[in-house]
Amino acid sequence: MSDCVFCKIVSGEIPSNKVYEDDKIIVINDLNPGAPVHVLIIPKEHTESILTASADILVYIQSKLDEITTKLGIKEKGFRVVINYGKDGGQTVPHLHVHILGGKVLGWPPC
Ligand code: 5GP
Ligand code: ZN
């Protein structure tokens with residue numbers, strides 16, 4: 001989508017700090033990190049949210065979590081996986097993205 005910030009990051013039009021890339025996803029450091037490690041897993045193909053996403057891409061993202069969190073050095077101590085949806089849920093970018101947070105003991109509940 002031409003006016004989508006994450007599509008622009010995927011295409012390279014907007015620069016980002018990529019920590020992983022393959023044919024289906026990119027993983028970038030969040031611009032405003034909420035933890036010492038805070039990355040976003042972004043599917044290359046535009047889909048708006050967790051509700052519009054295909055099972056295939058969700059399963060693919062799940063299948064890469066071990067590799068990505070190992071690479072980030074947060075697998076052993078643990079991490080959090082977050083998908084925000086809608087206004088109350090805090091989704092600000094309407095292109096599916098999965099937050100991975102770690103690098104400290106995270107508070108709960110997250111509000
Ligand atoms: P949401 O609130 O939609 O769940 O998450 C959007 C996230 O994207 C936010 O944590 C925000 O900091 C991050 N973000 C927004 N624009 C950019 C950008 O241009 N580059 C990067 N790296 N992160 C962004
Ligand atoms: Zn997009």
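Tutor: One term before we start: buried means under 20% relative accessible area, exposed means over 50%, and partly exposed is in between, using a 1.4 Å probe and protein chains only. Also, this is a predicted model, where local features need pLDDT of at least 70, side-chain atom pairs count only at pLDDT 80 or more, and totals for chains, interfaces and linings use all residues. Residues are numbered from 1 along each chain as its sequence is written, chains are lettered from A and ligands numbered from 1 in the order in which they are written, and side-chain values use heavy atoms, with hydrogens and water left out.

Student: OK. How many residues of β3 are buried?
Tutor: Seven of the seven, so β3 is largely enclosed by the rest of the structure. Strands here are DSSP runs of E with at least two residues, helices are runs of H or I with at least four, and both are numbered from the N terminus.

Student: Which residues sit on each side of β3?
Tutor: One side has Val-37, Val-39, Ile-41 and Pro-43, the other has His-38, Leu-40 and Ile-42, and all of them are buried.

Student: And which strand pairs with β3 over five bridges in the antiparallel sense?
Tutor: Strand β2, residues 25-29, does that. Strand β5, residues 98-102, also runs antiparallel to β3 and is joined to it by five bridges. Two strands pair if DSSP finds at least two bridges between them. As examples, Val-27 has Ile-41 in β3 as its bridge partner, and His-38 has Leu-101 in β5.

Student: Let's zoom in on Val-39. What does it touch?
Tutor: Beyond neighbours within four places in sequence, Val-39 is in contact (heavy atoms within 4.5 Å) with residues including Val-19, Val-27, Leu-72 and Ile-100. Val-39 counts as buried because its relative accessibility is 0%. Its C-alpha atom is 5.4 Å from that of Ile-28, eleven residues away along the chain.

Student: Which residues touch the most other members in the largest nonpolar core?
Tutor: Ile-25, Val-27, Ile-41, Ile-57 and Ile-100, out of 16 residues in that core. Two or more residues each come from β2, β3, α2 and β5, and α2 gives the largest share, five residues. A nonpolar core is a set of buried Ala, Val, Leu, Ile, Met, Phe, Trp, Tyr and Cys residues joined through side-chain atoms within 4.5 Å.

Student: New topic: which residues are the protein donors of the zinc ion?
Tutor: Cys-4 (SG), Cys-7 (SG), His-46 (ND1) and His-95 (ND1), at 2.0 to 2.3 Å from the zinc ion (ligand 2). Donors are N, O and S atoms within 2.8 Å of the metal (3.2 Å for Na, K and Ca), and water is not among the atoms, so sites may look incomplete.

Student: How are those donor residues spaced in sequence?
Tutor: The pattern is C-x2-C-x38-H-x48-H. Cys-7 lies in helix α1 (residues 5-11) and His-46 in the loop between β3 (37-43) and α2 (55-72), so this pair ties together parts that are 39 residues apart in sequence.

Student: Are those two buried or exposed?
Tutor: Cys-7 is buried at 14% relative accessible area, while His-46 is partly exposed at 23%.
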